[in-house]
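Thanks for coming. I will take a few minutes to walk through one structure, region by region.

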Amino acid sequence: MIAGPDAGQTYPLTDSCVVGRESSCPVRLSDPEVSRRHFELTRLPDGAFRAVDLGSVNGLLVNGRRVSSVDLQPGDRLVAGATLLEYQGPPGVRVLTRPGEDLGTAIVRRVDAGRAAGSLGVLYDAIRATGSILDLDQLLAEMLRLLSRAVPADRALVLLREGEGWQARATTGPAEETSISRGIIEHVARSREGIVIADTGADERFAGAESVLRAGIRAVLCVPLLGRHGDIGVLYCDAVVPDPARFTQEHLALAVAVGHQIALAVEETRYHERVVESERLAAIGQAVAALSHHIKNILQGLQSGGELLMLGINEHDDTAVQAGWRLFDKNQKRVRDLVFDMLSYSADREPVRTLTDLPTLLAEVVELVAPRAKDLGVRIDVEGDAVPPALIDREGIHRAVLNLVTNAIDAVQEAADPLVRITLRKEGGEYRIAVSDNGSGIEEYRMAGLFQPFVSTKGGRGTGLGLAVSRKIAVEHGGDIDVVSSPGQGSTFTLRIPETT
């Protein structure tokens with residue numbers, strides 16, 4: 001882990017594994033921008049690994065390029081969310097020497113890359129910074145700091161083109177002096193060539209330029225920032241004392257190389273921002289479409305109930321009044337459930353843990369659903385072990401179990417002998433609450449999207465958020481929900497909660 005919340009961590013890859021925020025991931029990241037199951041590292045026959053994006057929200061970038069699947073090479077850089085990782089190569093790679101060889105006498109010169117002096121060291125550190133610093137402003141400031149080690153400028157700036165103007169994104173030198181020569185930067189941007197001016201007063205191109213005279217600029221080094229898709233700005237250095245030796249061709253070459261790294265970083269940042277924004281808008285569109293569908297169904301129910309209620313009032317028909325009120329009340333409860341589910345799903349929260357007796361919690365859930373289960377002829381059985389109190393968020397787990405039991409009751413309505421069984425166990429350091437039904441089961445093609453928000457198998461009867469909310473609560477506790485189901489054989493949803501002391 002090179003950068004991000006888990007920077008400094010090292011993970012040996014001995015087998016294929018999934019990388020993400022989910023507690024079950026062998027490589028678990030705490031970066032909130034990483035998806036629960038972001039990407040998978042699949043071991044190849046030769047011992048190397050392949051990275052495969054698992055449909056993550058923010059995508060997977062390898063060496064600055066978005067990929068769905070790629071075979072990794074040692075040194076490849078992977079970006080997931082705000083986390084930067086480096087793949088160091090397959091396990092078991094060794095460097096061999098001849099038996100008895102004295103490496104000390106064979107070394108002619110040693111170079112400490114981290115402290116290398118001169119242009120080569122600056123360029124090396126600039127490339128390394130590009131791969132390890134994700135924040136653009138921080139990266140640009142670091143680039144100027146590195147450049148100042150080799151280029152003796154009084155001031156240096158990174159200027160990015162913004163429409164018809166220029167924006168200074170990073171500066172070094174006197175904070176009170178901000179005026180620069182627009183004529184020089186426009187010339188460099190237009191010609192797409194770097195320039196070195198030993199004395200602006202003696203250079204006929206700029207000697208009369210008002211901006212040069214006003215700023216008191218005498219020596220200048222300026223290069224364009226050329227990326228893959230064109231120029232995006234300039235790297236500008238100047239000095240107030242004319243000096244033919246102040247800026248050399250070596251300084252110019254170094255500035256061009258550093259400028260190219262800056263341009264690539266800016267392009268990559270802008271591309272990433274566009275991808276995130278487009279995916280955010282797409283997600284909003286999908287959410288709005290799904291919500292509109294659910295709200296439309298609820299409104300239709302409210303309208304029908306209201307019309308029936310008004311008819312009963314006008315006709316003094318108590319039967320119609322009661323029927324209209326039941327329909328109206330049912331749909332206002334659907335509004336309440338939808339709002340609560342949306343709040344639960346959208347808010348990131350730490351569980352407020354208290355010691356809770358799980359058998360008592362399950363009894364309360366059964367008591368809540370008992371009237372509806374009785375109306376539908378559904379039998380509910382509860383069995384399990386005597387388990388010690390669990391340190392959990394009582395309200396959250398209660399809601400998660402209630403969602404699972406409600407879904408199970410809905411699933412068995414067409415069964416000949418409808419049965420929902422709730423089982424409580426403690427195994428392997430986990431509390432396991434299993435909710436089974438003898439309903440029609442779930443088709444295989446539906447399993448992959450089962451926990452996605454606004455996905456419902458109940459038609460207009462569900463919000464499409466119940467399972468998503470339940471799994472979110474389980475994950476917040478460090479656990480998860482497992483599903484076993486076959487068409488015609490019923491389903492079992494198992495809520496797993498790790499024991500916490």
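A helix, in what follows, is a DSSP run of H or I with at least four residues, and helices are numbered from the N terminus. By that definition E267 falls in helix α6, which covers residues 249-315. Please keep in mind that this is a predicted model.

Let me stay with E267 for a moment. Is E267 buried or exposed? Its relative accessibility is 12%, and because the cut-off for buried is under 20%, E267 counts as buried. Setting aside residues up to four places away in sequence, E267 touches G227, R228, H229 and G230.

The next helix is α7, residues 318-346, and D329 has its place there. D329 also counts as buried, with a relative accessibility of 18%. L302 is 27 residues away from D329 along the chain, and the C-alpha atoms of the two are 8.2 Å apart.

Now to the start of the chain.

F49 brings us to the aromatic residues. How many aromatic pairs does a search of the whole structure find? The search finds 2. One of them joins F49 and Y87 in an edge-to-face arrangement, with 6.3 Å from centre to centre and 70 degrees between the planes. This pair links distant parts of the chain: F49 belongs to strand β4, while Y87 is in the loop between β9 and α1, 38 residues apart. Both partners are covered. F49 counts as buried at 0% relative accessibility, and Y87 counts as buried at 5%.

There is also the pair of W325 and F328. Their ring centres are 6.0 Å apart and their planes are at 20 degrees, so this pair is stacked. Both residues lie in helix α7, 3 residues apart, which is about one turn of the helix. As a general point, an α-helix has 3.6 residues a turn, so residues three or four places apart point the same way. In this pair, W325 is partly exposed, with a relative accessible area of 46%, and F328 counts as partly exposed at 30%.

L424 is opposite I433 of β19. As for K426, it lies over the face of Y431, at 5.8 Å from the ring centre.

Of its 11 residues, 10 are buried, so α11 is largely enclosed by the rest of the structure. Among the buried residues of α11 are L467, V469, K472, I473 and E476. Just after α11 comes G478, with a positive phi of about 85 degrees.

In soluble globular proteins, nonpolar side chains tend to be buried together. The largest nonpolar core here has 38 residues, and V401 and L495 have the most contacts inside it. At least two residues of this core come from each of α8, β17, α9, β18, β19, α11 and β21. Which residues does V401 contact, leaving aside its neighbours within four places in sequence? They are L361, L362, V365, I433 and L495. A second, separate core has 34 residues, including L144, V158, L254 and A265.

That is the end of the walk-through.

Key. Residues numbered from 1 in each chain as written. Predicted model: local features only at pLDDT ≥ 70, side-chain atom pairs only at ≥ 80, totals over all residues. Heavy atoms only, no water. Pairing = 2+ DSSP bridges. Core = buried A, V, L, I, M, F, W, Y, C linked by side-chain atoms within 4.5 Å. Buried < 20%, exposed > 50% of the residue type's maximum accessible area, 1.4 Å probe, protein only. Contact = heavy atoms within 4.5 Å. Phe/Tyr/Trp six-rings, centres within 6.5 Å; stacked < 30°, edge-to-face > 60°. Lys NZ or Arg CZ within 6 Å of the ring centre and 35° of its normal.
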